[in-house]
Amino acid sequence: VEAVHLIADGKAPRIPQPKEGATYEGIQKKENAEISWDQPAAALHNWIRGHDKVPGAWTTINGQVVTFYGSSLLGASVPAGQELTIKGASRPGLVTKNGLVVFGNDGKMVLVRNLQFEDGKMIPASKYFSADETTALELTEEEKKMAEDIR
């Protein structure tokens with residue numbers, strides 16, 4: 001009540017906020033979001049989700065910076081998948097049909113659903129090894145006729 005009366009009377013003390021520590025900008029810098037692999041799966045998951053979408057938690061795979069998005073803890077048995085070497089990780093990740101499985105130092109797993117490359121291209125993590133494959137679209141005669149009619 002006393003504080004409210006001081007404010008109402010215009011007599012409340014005014015203490016300027018110091019500039020140091022007055023922003024969160026330092027937290028959201030890309031260089032501060034690199035994944036440290038020497039931690040349990042729960043900490044990895046929290047780190048990835050905490051940086052999802054901006055600035056994005058990242059690591060180096062095959063010499064390229066790759067940003068991880070959309071993680072969840074995985075409690076099932078180790079799924080089948082193709083191994084992917086990740087710089088700094090104690091064991092390789094697994095590219096599975098559901099995404100990229102990475103391991104904490106406690107042996108537990110985190111599933112990452114999306115990956116973004118340095119050039120800005122984002123893919124489902126499950127498509128990591130097929131990302132460079134391109135297939136030509138081949139139309140049937142009926143589809144070619146329809147395309148011509150639309151044109």
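Contact here is heavy atoms within 4.5 Å.

A word on the source. This is a predicted model, where local features need pLDDT of at least 70, side-chain atom pairs count only at pLDDT 80 or more, and totals for chains, interfaces and linings use all residues. Residues are numbered from 1 along each chain as its sequence is written, and side-chain values use heavy atoms, with hydrogens and water left out.

Now the fold. There are 3 helices and 7 strands. Those are DSSP runs, numbered from the N terminus: helices are H or I with at least four residues, strands are E with at least two. The order is α-α-β-β-β-β-β-β-β-α.

On to the inside. Buried residues, those under 20% relative accessible area with a 1.4 Å probe, protein chains only, make up 30% of the 151.

The largest nonpolar core has 21 residues. By nonpolar core I mean buried Ala, Val, Leu, Ile, Met, Phe, Trp, Tyr and Cys joined through side-chain atoms within 4.5 Å. Phe-68, Leu-100, Val-102, Val-112 and Leu-115 have the most contacts inside it. Which elements supply at least two residues each? They are α2 (41–50), β1 (57–61), β2 (64–74), β5 (99–103) and β6 (109–117). β6 gives the most, with 4 residues.

Take Val-102. Beyond its neighbours within four places, Val-102 touches Trp-37, Phe-68, Ile-86, Lys-108, Met-109, Val-110 and Val-112.

A second, separate core has 5 residues, including Leu-94, Val-101, Phe-103 and Met-109.

Last, dimensions. The C-alpha trace spans about 85 × 50 × 30 Å along its principal axes.

Notes:
Buried < 20%, exposed > 50% of the residue type's maximum accessible area, 1.4 Å probe, protein only.
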